[in-house]
Amino acid sequence: MFDEKVIAPIVNTLEADKEKNAFCIDDQFYNYAYLKKRVAAIRKALSKVESKNIGLVANDDINTYASILALWMEGKCYVPLHPGQPLDRCLDIIEQVGITTILDSSENTRYTNHDIISTATLTDEAEMTQPVKTSDESLAYILFTSGSTGRPKGVPITRGNVASFTAAVADMGIKLTNTDRCLQMFDLTFDLSVQSYLLPLMAGACVYTVPYNLIKYQGVFRLLDEYNLTAALMVPSVIHCLRPYMDEIEAKDMRYSLFCGEALNLDDLKAWEQCVPNAMLWNVYGPTECTIYCTTYKLNTSGEIKHVNGNVGIGKAMRGVEAIVMNDDGTPCAVGETGELCLAGGQLTPGYWKNEEKNKEAFFIGKNGTRYYRTGDICKADADGDIAYYGRKDSQVKIQGYRIELSEIECVAREFFNGEIATVAVVNSDDKGNNFIQLALEGKDDKQEKELHDYMKSKLPAYMMPQEIHFIGKFPQNANNKIDRKQIKQLIG
């Protein structure tokens, strides 16, 4: 299915759309004819490599993107190595996978003890052989996410997983063409990048990238302003950061605007929809373990938008995915009852890379014989089957014996500021082991602290009141441009 549904359309665009632009990287355009030459050159070098799992230094350049296509056409799997992350972390990933060959477009490589293919120095190849046919069980990529032990854990995604995802997206009604201009704002170590380059290349569209070392929202703003983008998948933090500039954004050409990666705030969404009056908007959801995203909620901005505590709902499972809210005993929750969201279907990873202990913890076989993944996300399904997102399981805490949702506290604080600032509630412990709530607000102005306290006191019971309020000039973000809650907790703890 991958060869037919994914590789074949890309091969077709390389042939049929030769003069059309495939990428815009740092304001330089590369057409499909040039992309084909680079893919062919890298494939020629890879044809002499026996190993299947290949390291890929995830630079923001044409040779890196060509390398992904070349690896797939040679039946191989890419393992991205972030050029800006510590070398020791990348070497640990290399060791875990057993990587011996690395594709690197850098002028000088960091990996002097490995077999390096310097992709930028390879001579163009005019002709390209037919892609190697490989089973859907073969791996397409392995992404490493942060692990609870401090060591990154690998999430392998098969070619069949990716094919299932592309088929499910087509079922959503998203139809890119070779005239579309598509945003790719994610580092290649983040799985949302896969949609952002893959779907455009399958359609012959042009991909506009944001480099990893640029402040993301600034890069997005510039591309929106200068290139009239027509499709964009973004993390919600980006539009929150763009709130002060939304009077200057008039993206009338935007056709598809999707959000994923963290909770989408309703106030930010309402502000954004004014910038993209002609776009279809979706809130989509999915962990890396279920291939990019696996539930979708098409937003009817002229009508009701389902939300809880200001977090927009995540909708229903995509085609081929099963999404069930379950109790701790593994039985489905009743309609309107909160529980942990569990996922199954064709997009689900075969399991963490060489980590049986984590696999036993995260995956289970249901009573119907289906293999499920525990997401760790607290959700609730309504009578229509739409899923509401409450937050991470570890954000549901007990204070004075009461079970509370930290997102509810954040929502009330946002209300006070008319939804214009970001809020994060965390729980810390004193030296006696007693839990207490702290609230972090993005901004430097603490003049309204008393007014905020009084407002929250009028809305929340005493046991939900933050004992401390902290103002942070700018919330830290993690490598995937999500608000870094762990770092905020450390800052104010």
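**View 1. Q218 in helix α7.** In this predicted model, Q218 is partly exposed, with a relative accessible area of 40%, where buried means under 20% relative accessible area, exposed over 50% and partly exposed in between, for a 1.4 Å probe and protein chains only. Q218 has its place in helix α7, residues 216–227, helices being DSSP runs of H or I with at least four residues and strands DSSP runs of E with at least two, both numbered from the N terminus. The C-alpha atoms of Q218 and E408, which stand 190 residues apart along the chain, are separated by 30 Å.

As the model is predicted, local features need pLDDT of at least 70 and side-chain atom pairs count only at pLDDT 80 or more, whereas totals for chains, interfaces and linings use all residues. Residues are numbered from 1 along each chain as its sequence is written, and side-chain values use heavy atoms, with hydrogens and water left out.

View 2. Helix α3, residues 62–73, has 12 residues and reaches 17 Å from its first C-alpha to its last, close to the 16 Å expected at 1.5 Å a residue; the expected span is 1.5 Å times one less than the number of residues. The helix is mostly covered, as 12 of its 12 residues are buried, among them Y65, L69, W72 and M73. Just after α3, G75 takes a positive phi of about 75°.

**View 3. Packing of α1 against α5.** Two packed helices are described by the angle between their axes and the distance between the axes. Helix α1, residues 2–16, and α5 pack at an angle of about 70°, with their axes 9 Å apart; the axes are lines fitted to C-alpha atoms, for helices over the stretch in contact, and angles run from 0 to 180 degrees between N-to-C directions. The two helices α1 and α5 are therefore roughly perpendicular to each other, a class that covers 65 to 115 degrees, while angles under 35 degrees count as roughly parallel, over 145 as roughly antiparallel and the rest as oblique. In this packing, F2, D3, V6 and I7 of α1 meet R159, V162, A163 and T166 of α5, contact meaning heavy atoms within 4.5 Å. By class, the contact of α1 with α5 has five nonpolar, one polar and two charged residues; Ala, Val, Leu, Ile, Met, Phe, Trp, Tyr, Cys and Pro count as nonpolar, Asp, Glu, Lys and Arg as charged, and the others, Gly among them, as polar.

View 4. N161 lies in helix α5, residues 159–172, and counts as buried at 4% relative accessibility. When its neighbours within four places in sequence are left aside, N161 is in contact with T291, G346, Q347, L348, T349 and P350.

View 5. Most residues other than glycine have a negative phi. Phi of D26 is near 55°, a positive value in a residue other than glycine; D26 lies in the loop between β1 (21–25) and β2 (28–31) and is exposed, with a relative accessible area of 66%. N418 likewise has a positive phi of about 55° although it is not a glycine. The loop that holds N418 runs between α11 (406–416) and β25 (423–429), and N418 is exposed, with a relative accessible area of 57%.
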